[in-house]
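User: Please go through the pockets of this model and say what each label rests on.

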Amino acid sequence: MKDKMAKIISLAKRRGFIFPSSEIYGGFGSSYDFGPLGVEMKRNIKQAWWIEMIKNHENVFGLDAAILMNPKVWQASGHLTAGFADTLVECKACHKRFKKDEITGKCCPECGGEITEPRKFNLMMKTFTGPLEDEASITYLRAETCQGIYMNFENVQKSMRLKIPFGVAQIGKAFRNEITPKNFIFRTREFEQMELQWFCHPREVDKWFDFWKKERINWYGVLGMQQKNLRAIEVPAKERAHYAQKQVDIEYHFPWGWGEIEGVHNRGDWDLSNHAKHSGKDLRYFDEETQEKYYPHVVETSVGVERSLLAFLIDSYQEVKGGRTKTTKATKEVEVLLKLDKKLAPIKVVVLPLVRNKPYLVKKAKEVYKLLKPHFVSLYDEVSSIGRRYRRADESGVPYALTVDFESLEKEDLTLRDRDTMEQERIAMKDLVKVLKDKLEG
Ligand code: GAP
């Protein structure tokens, strides 16, 4: 387990996916930065989710609400009370902290020391607005993006003239003062969420819950995640989030075991009715046809961008013993292949001159790179042998490598190598953009 995670973490750094934050100062807690490939992959995940929600479903609209909100929001939503807290124990000897439910016995799992009585820690990240750091200026970084959606439920409904059922989708940062962040980017204090709130008639909430649960499980499969590594688990009442009447966790089989990547929640009217109570504003929906006035019930789907990115990375990671590119050196080594879905792959195509000491090949390859750059996230790579460059591309998950060779100059074509099959075909320069578009988007 540790071995596989160590390899993933090392690859993520080596290839520019994920770096530890503030590294020259020794890092900072569980903070990570996303490098050139990581940021592209994150964008691709968010784009795939956005298209899925906004384009592939009817009656779903987007929103981008502020991170800082009136602190009364968090009072009403129940996040400032015991509901949104972890129960922790601390080892009296080594002072490591653990979530209570992670401890099986009465001793510290690390050093065997005695552990303290459990204590509650609220997870909200506190901050101050304005120049004075007093009680009146306390506010919080949002712990879930969906509260911004509830704040705008009526604004969206009225401005878009929507009838129930409809959905509001949002992607954005969320913050939690996690006491035990762990497993690389799996549990961090700052992360991004992609959340849908689906407002429906209370009578229809079970039907919609099942609908969205299926849709969300399918999404991972469409993006290439292996079915054997995915499962959906209904969460028993005592373990549910404080707002959930029903909760299904979509879990991925990480190297350390099963872990939640997405939650599907029936939040009932928890949020709208509590916000109505605390704000004094009637947030009920009025159905003109039936003359009925009611709080819509909410089905929520909530996925972490970084957590799903980690799952996609792990799922696509393969080692090929003996080498796949068959260069003399490589045959003895283990080669790494990142078989990411083409939609998620950060770099779509890499352009390689066969050798770099022939100026006319380099010139032609740079022309090809220039031609492709406006259409695809592309790389140009001329350093080291062609076999090594293919390996670098495979490790970075690049679906297609284009090699400009001696024939290219006479025939105005080049070879296109497929990452997964390693098959090569010659493509005419004039057709290149279209062929790649078909392959990548088809
Ligand atoms: N609005 C509902 C909600 O926030 P959640 O189960 O607490 O539900 C949803 O979080 C998703 O957000 C999780 O499935 C996970 O992917 C992501 N997430 C939650 N806490 C996280 C953390 N500390 N680090 C990274 N991702 C996190």
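User: How is the lining of the largest pocket split by class?
Analyst: The lining of the largest pocket has 22 charged, 15 nonpolar and 13 polar residues. Here Asp, Glu, Lys and Arg are charged, Ala, Val, Leu, Ile, Met, Phe, Trp, Tyr, Cys and Pro are nonpolar, and the others, Gly among them, are polar. This is a predicted model, in which local features need pLDDT of at least 70 and side-chain atom pairs pLDDT 80 or more, while totals for chains, interfaces and linings use all residues. Residues are numbered from 1 along each chain as its sequence is written, and side-chain values use heavy atoms, without hydrogens and water.

User: What makes a residue part of the lining of a pocket?
Analyst: On a 1 Å grid over the protein atoms alone, a pocket is an open set of points where a 1.4 Å probe fits, with protein on both sides within 12 Å along at least five of seven lines, and a lining residue has an atom within 4 Å of a point. For the largest pocket 50 residues meet this, and D86, K99, E239, D249 and E260 lie nearest its centre.

User: Which element gives the largest share of that lining?
Analyst: Strand 13 does, with seven residues; strands are DSSP runs of E of at least two residues, and helices are runs of H or I of at least four, numbered from the N terminus.

User: Which domains contribute to the lining of the second largest pocket?
Analyst: Domain 1 (2-77 + 134-313) and domain 3 (347-441) each give at least three residues, with bounds from an automatic or database domain assignment. Helix 2 gives the largest share, seven residues.
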